[in-house]
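Subject: Structure handover

Hello,

Here is the structure you asked to take over. My notes follow it.

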Amino acid sequence: MVFEQVSAGQKPRAKARGNLFAHRLEQKTIISAVVGLILAVLVLPPLYFLFIGAVTVDEGGQTRYTLERFVMLLSQRGILISTFNSFVFAIGSALLSLLIGGLAAWLVERTNAPLKSLTYLTNVIALGTPYVLYTSAWLLLLARSGPINTWYRQLSGETGVIINVYGMGGMILIEGLLWSPLVFLLLGATLRNFNPALEEAARMSGATTWGTIRRVTLPLSMPAILALSMLVFIRTVEAFEVPALVGLPGRVHVLTTDIYEMMHRTMPPDIGSASALSLILLFIVGALLFWYSRLTRNAEKFATVTGKSFRPNQIDLGAWRPLAGFALAFYFFLLIVLPAFILVWASLLPFYQTFRSQAFPLLTLDNYRAVLNSPRYISLLINTLLIAFATASAVMLITAISAWLTVRKAPGARVLDNLGTAPLVFPGIVLGVGVMQFFLQVPVGIYGTIWIIVWALVINYLPYGVRYSYAGMIQLHRELEEAASAAGATPFTGFRRIVFPLLTPSLIAGWLFIFLLATRVLSLPVLLSGPSSQTMAVAMFDLWGNGQGPELAALGLMWSLSMTCIAVVFYLVAQRGGGLQRA
Amino acid sequence: MNKLAGAVFSLFVIALCSQSTVRAEPSAELIARAKKDGRVTWYTDLIVNQIVRPLSEAFEAKYGVKLDYARGDSQDNLLKALNEIRAGRPVGDLVSVTTGMHSLIEIGAARRYVSEGVSLIPAHFRDPKGFWVAPNYFVMTPAVNTTMVKPQDIPKTYDDLLDPKWRGRMVWKPNDMSGAPGFIANVLLSMGEDKGMDYLRKLSGQNITSVQASARAILNQVIAGEYPMALQVFNHHAVLSAAVGAPSQWVPLSPAAVTVSQVALIQGSPRQAAAELLVEFLISKEGQAIYQKSGYFPTHPDVPAPWPELSPTGGKYTANVIDPEIITRDLEKWNGIFKTMFR
């Protein structure tokens, strides 16, 4: 690989290192063991309950072990079609979001394209917007009765539709758009910490801009892009809302909608079959992760932050700059303006109807009044912010240390990485049930409080934290720590004083990302919240289920606006504090 | 409960039977014990801002016992209650669901409770063994978008739904009694197996759209103009929307399907007296009046429906109360029919 020759820090001889740092490696082992224990306590109980749930049947108090659920699942008619659909849906959505979000991230982080702040804002707003709100906004826009099809009918005189959103195409489009901001933020962290020396070298050697991108930037970003594709792919296989709201009306079935039907056909819900299907998913995902870890085995090849100082440089787009600006403006239009337009419209109506002049006399601010006059939202707000803050902080702390140990190949590194990534396989409800059973059997008094929700969310978001920390860590060459170590610092001091500060941009980006996700997540709080630990997303779900779409739009818009303010303030504070100087 | 297989009840006949004059107040002793409990936890599937909050405010004001509630769908509530009981640490004191109560009763997790107050509720709204009582019921009917469907085109009988003009223009949700299985159940119970299956086979040719959302959200899609007609929604929702100007109208096809909202006490829960007091309150005239005021159909014979013409007791149409025991027995079958014929 081109890059290996250019990399400044060559590997020190292992033997010399062994002698010099032997006693310090012990400290790393201890840290590794502690982090491993924390991860195991978080991740293994739900896995255990998943496994037990899948292979046991309770018959009048007698527990019987069986594989019949797997047989039933694998022999079911239609399950192959659903699996195929799931893969098409996941691959399509992953590609689309990588294309849209990835292009935006590259333009913002690595070129002199205009409108960068707007693009950041776009992603932060999009991430702070609750899922149910976003999905329904897109459905309102693209539905048969939505403005696009209505205008088409008015202009053409036809009675049909120009866009039929209900089907695989619509599913991929909406899911791809939903994931674009996440791709932007995850990939942005990698691109931002990219050492431009290599690209400069390429260009000085006569490579064109495109040639540099193709032969240097893309190959170097490959681990991050692959990791991200894997993440989006797996999460999309597990996605439920879009397949349910967009796929089912078009008779497109995927695995998750099958699980859902399975859980709702019987009472009480058939957690056993859902667990069995999750284990099958786990197997598929495990195989993919194994393949992926082989691909990225030699992480050191990709280190670009070395002991040499570096400044991010930007590719001069030249005559293409206005076009890049247009692309980013369109990104903003697509992700914010369009959904916001339809939501503002909805929030001003007593009941939802499509955008048309006849509805203007009905416009009212009643929905905003209803939200502002309800005292209940204050306690929901406090709960939600507290949960999101605690979750994001815990995840980033654990995964920063774990990523450091993983990348530096500390004892048990592979185990840490696998434990941190394992929660990817839990569909929300299965994880929720696992955590609930754990705390009912280990009475430490957090059942029914917000802390059980934090616990479950930490597990749920560990893989995101791992990706953020890992993406940052993979670029830090070990020579910095070796210098610290040679100067007498213990490994942990090296981590604390060198790695952690250098990782900060990635960690802050990850923190913000998880914070925003945690404010809007629904499936876990619905199951785990007690009377005094309700969250905003649960309240929004109530409004949705109750058909108060316009009030939901009003609440959702105000909520997204406040989340955006929080994110922007946080961003500015972090920037002032120096954490994002390179951002 | 009536043990006749496939038993259905014609509501308006039953409602004429009893006008009670007995006044049932909870005993001073129960109130004292409930006050000692201090609070009570209710896992409910009712909508918080519509009905749970007014109920809780009135209950707290009257008895000084704090009512903690957590809202989830039937599935969530049952999962919570079942898991707590299996772990031997019940937290919820009472739970309400529309489907699946049998899974609590079967493992001995529901606590029997009979009282003078409960006995005032008509027999088809409570469990004969005393495991649950229903403070309210729901009426499920079709509803149309009035700007898309002309008055003369609104169906008057179930056979009208088979008209080719409805092909591809109807919507329902694929699960629960408030969706396709509830509609299928009602058809089979009222027409009988053979005629019912024959009807469903014809209906399956109508290419009905399934949308995975609450019945209320389905009705909203009809109001928004996405589909002209929903097949199985709560009829009072259509009326509530029409009251604020929405183009929605419910369709009184006879017989309509009626399901009940069941409340049960949890065996071994920490605050049993307060839980009993809450049940008494929910089915008292005072509690029932709150249901009525919030637009829910109360079950107490002395408290009329919020809109008499919406209730089968109004005499405009007939209805089947779909017995929870039959739901327990046949839900799987109805789901299967949906899956093979309509999915």
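Into which domains is chain B divided? In this predicted model, chain B has domain 1, made of 19-137 + 261-304, and domain 2, made of 138-257 + 324-342. Between the C-alpha centres of domain 1 and domain 2 of chain B there are 30 Å. The two domains of chain B touch through nine residues of domain 1 and nine residues of domain 2. On the side of domain 1 of chain B that touches domain 2, α5 (101-106) and β10 (256-266) of chain B are the elements that give two or more residues. That side of domain 1 of chain B consists of three nonpolar and six polar residues, with no charged ones.

Next, the contact between the chains. Chain A contributes 41 residues and chain B 47 residues. On the side of chain A that touches chain B, at least two residues each come from α11 (241-247), α12 (255-265), α18 (428-441), α22 (523-528) and α23 (536-545) of chain A. α18(A) has the largest share of that side, with five residues. By class, the side of chain A that touches chain B holds 22 nonpolar, 15 polar and four charged residues.

Helix α8 (residues 168-192) and helix α19 (residues 450-473) of chain A pack with their axes 8 Å apart and at an angle of about 15 degrees. Because of that angle, α8(A) is roughly parallel to α19(A); the cut-off for this term is under 35 degrees. The crossing of α8(A) past α19(A) is right-handed. From α8(A), the residues in the contact are L186(A), A189(A) and T190(A), and from α19(A) they are R467(A), Y468(A), A471(A) and G472(A). This contact of α8(A) with α19(A) has four nonpolar, two polar and one charged residues.

Some backbone details are also listed here. Most residues other than glycine have a negative phi, and most peptide bonds are trans. The peptide bond from S254(B) to P255(B) is cis, and its omega is near -5 degrees. P255(B) sits in the loop between β9 (248-250) and β10 of chain B.

R251(A), not a glycine, has a positive phi of about 60 degrees. Its loop lies between α11 and α12 of chain A. R251(A) counts as partly exposed because it has 13 C-beta neighbours inside 10 Å.

D176(B), also a residue other than glycine, has a positive phi near 75 degrees. D176(B) is in the loop between β6 (170-172) and α7 (180-191) of chain B. Is D176(B) buried or exposed? D176(B) has 25 C-beta neighbours inside 10 Å, so D176(B) counts as buried.

Regards

How values were computed. Residues are numbered from 1 along each chain as its sequence is written. Chains are lettered from A and ligands numbered from 1 in the order in which they are written. This is a predicted model: local features need pLDDT of at least 70, side-chain atom pairs count only at pLDDT 80 or more; totals for chains, interfaces and linings use all residues. Axes are lines fitted to C-alpha atoms, for helices over the stretch in contact, and angles run from 0 to 180 degrees between N-to-C directions. Helices (H or I, at least four residues) and strands (E, at least two) are DSSP runs, numbered from the N terminus. Angles under 35 degrees count as roughly parallel, over 145 as roughly antiparallel, 65 to 115 as roughly perpendicular and the rest as oblique. A crossing is left-handed if the near helix is turned anticlockwise from the far one by less than a right angle, and right-handed if clockwise. Two residues are in contact if their C-beta atoms, placed from the backbone, lie within 7 Å. Ala, Val, Leu, Ile, Met, Phe, Trp, Tyr, Cys and Pro count as nonpolar, Asp, Glu, Lys and Arg as charged, and the others, Gly among them, as polar. Domain bounds come from an automatic or database domain assignment. A residue is buried if 20 or more other C-beta atoms lie within 10 Å of its own, exposed if 12 or fewer, and partly exposed in between; C-beta atoms are placed from the backbone.
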